[in-house]
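Got your viewer open and your selection tool ready? Let's take a walk through this one, stop by stop.

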Amino acid sequence: MVDVLVVGAGYGGLSATMFLAQHGVDVLTVDRHASTSIHPRAAGQSWRTMELFRFAGIDEEVLDASPRARGGLRITVAASLGGQVFHRLYDDVGAVDVSAATAMPHGMAGQDLVEPIMLRRAEKFGATVRFNTELVSFTQDEDGVTAVLRSSGEETTVRARYLIAADGGRSRIRSALGIETDGPGSLSHCLGVLFEANLGDRVRTDVTDLFYLQNPHFTAGFCSTDTPDHYGFAPDYHPSKGESPEDFTPERLVEMIRIATDEPDLEPVLHWTAPWEIAARLARRFRSGRVFLVGDAAKVTPPTGGMGGNTAIGDGHDLAWKLAAVLRGEASDALLDTYEAERRPYARMVIDTSLHNMKQRMHPDLDVTGLTPAEEPMALCLGFRYRSTAVLAEDDDPARTENPFEPTGRPGFRAPNVALGTGQSTVDVLGLGWALFSDGTWAPAASAVSAETGLRIDHHVTPPGTFGLTPGGASLVRPDGMVAWRSPATPNPPAALSTALTQLLGR
Ligand SMILES: Cc1cc2nc3c(=O)[nH]c(=O)nc-3n(C[C@H](O)[C@H](O)[C@H](O)COP(=O)(O)OP(=O)(O)OC[C@H]3O[C@@H](n4cnc5c(N)ncnc54)[C@H](O)[C@@H]3O)c2cc1C
């Protein structure tokens, strides 16, 4: 019996695998493909993803993997690379000082570079990952899940306490559970193309240069990649008008790339093409008994905003610390319900913001009535709020985000980025267990409650006035870096801390 079986070794599955293994959980991961993604696909790691990667110790490796990583991002909506510019959405995100909100820079590496780094780290932490292995079927009962796997034509049965469905947007596990999805569904179709050509200075190579092209011939995405002279081009096509990927002959693609680049004599070398459905779908439930949906299996979001990969990684991380706590006997099953309670509203916010972006950048005619409002990228990535039984809220503010440059330290929000005076900032000390921040008065309480409960609770002294604390107060931060509870000065800190943890963990 393994503790957790993960199906899918994409961003969602590898994130769950890496963080579960880091928490010491016995995890087996299978993927029907022969390896991790061999194509760049989702490029870009948000500041939050980079914080999570720091928890796992792979942040530097991910930044180093992409020569563009430290350069920043430029996004332009234009007719062609050298044609009329309709909007310039960002001009070098790297130039913005984010230090008040996070200690981490934005990453830019492609999925083909990042997944192997996550895989290596997961294996180093003790996870077993098997490629060329497909989940054929599964059943669940009160004590676990029984899964039938197929590899080289041979079927084996595996028993696991929990199953994570990280099997992508067409999740067969989700279908087998009968979980339906909401949302507009299919929005458009595009053909992902990777090509090689010398484009000189038409595209910046020191930053990630992303274009949304709108002209009488096509609408398309266009971006630089981590490999010199290699570019991604993704023209839309319309099945409703009888169009299909087969219509894009190499000759037609070359012609389109010439129009996109304003280079009528360009001889691009086409390396790879794959159809891609742009869609917005949100699963009605993220949990069914002992089975949890993460990543695209739980929600599919349009790529305008670059959140598909980032939220898959966030889902995996959120579920991992909660499963680890339950498997170690630290928390009751109720903690596992907070995965859906926290990640599903977040997924809704991400999808709606990405749809607003899509209207602005690619499809002015997209109907966005009834959607929740768009969020600013920093607020979406760093200023979101969780509401669940794993947060002891102290206010009834209905806002779903706050400005991460002015963090309040309220329960439900990310712990503020604070220099701790030890040469470290908050992100350096979070990730593995619970953390208690105070002016020092709560240090004995952290030790006492840790000894009493067996929970890892590290105490850190915070500079006065940070975390929104009053003198003698304390802030309790979860293993994912979210504030769980805050207390003013109290005569009996160990009792207060112990009561809060009992409530938070449903013990
Ligand atoms: C061409 C393309 C370009 C993209 N570009 C962007 C972008 O620019 N920005 C962005 O944010 N997102 C982009 N995406 C989406 C992004 O890649 C996904 O959001 C992200 O990969 C989700 O991760 P995931 O782990 O949930 O799913 P996936 O990465 O799809 O992984 C699912 C895995 O499950 C495996 N699997 C499925 N069924 C089984 C089974 N029965 N048994 C075993 N294994 C199984 C599959 O082999 C696969 O490896 C792109 C996607 C594509 C296809």
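## Stop one: a pocket

Five nonpolar, six polar and one charged residue make up the lining of the second largest pocket. (Ala, Val, Leu, Ile, Met, Phe, Trp, Tyr, Cys and Pro count as nonpolar, Asp, Glu, Lys and Arg as charged, and the others, Gly among them, as polar.) To see the lining, select Ser 186, Leu 187, Ser 188, His 189, Tyr 237, His 238, Pro 239, Ser 240, Met 358, His 363, Asp 365 and Leu 366. Now colour strand β9, residues 181–196: this strand gives the most to that lining, with four residues. The pocket has a volume of about 180 Å³.

Some ground rules before moving on. This is a predicted model, where local features need pLDDT of at least 70 and side-chain atom pairs count only at pLDDT 80 or more, while totals for chains, interfaces and linings use all residues. Residues are numbered from 1 along each chain as its sequence is written, and side-chain values use heavy atoms, with hydrogens and water left out.

Helices (H or I, at least four residues) and strands (E, at least two) are DSSP runs, numbered from the N terminus. On a 1 Å grid over the protein atoms alone, a pocket is an open set of points with protein on both sides within 12 Å along at least five of seven lines, a cavity is a set where a 1.4 Å probe fits but cannot get out, and lining residues have an atom within 4 Å of a point. Grid points are joined across faces, edges and corners, and a volume is the space filled by probe spheres set on the points.

## Stop two: the ligand

Select the ligand and what surrounds it. Which residues come nearest?

Next, look for polar contacts (pairs of N or O atoms within 3.5 Å):

- His 33: a polar side-chain atom lies 3.1 Å from an oxygen atom of the ligand.
- Asp 296: a backbone N or O atom is 2.7 Å from a ligand oxygen.
- Gly 308: a polar backbone atom sits 3.1 Å from an oxygen atom of the ligand.

On its own the ligand has 1,000 Å² of accessible area (Shrake-Rupley method, 1.4 Å probe), and the protein covers 87% of that.

## Stop three: a salt bridge

Stay on α7 and pick out Asp 315. Arg 343 forms a salt bridge with Asp 315, their closest N and O atoms being 2.8 Å apart. (That's a side-chain nitrogen of Lys or Arg within 4 Å of a carboxyl oxygen of Asp or Glu.) Arg 343 is in helix α8 (residues 334–361) and Asp 315 is in helix α7, so the pair ties together parts that are 28 residues apart in sequence. The structure holds 34 salt bridges.

Last one: the second largest cavity, about 90 Å³. Among its 14 lining residues, Glu 51, Arg 414, Ala 415, Val 427 and Leu 430 are closest to the centre. Helix α2 (47–56) supplies the largest share of that lining, three residues.

Key
A polar contact is a pair of N or O atoms within 3.5 Å; within protein, one must be able to donate a hydrogen and the other to accept it, and residues adjacent in sequence count only if both atoms are side-chain atoms.
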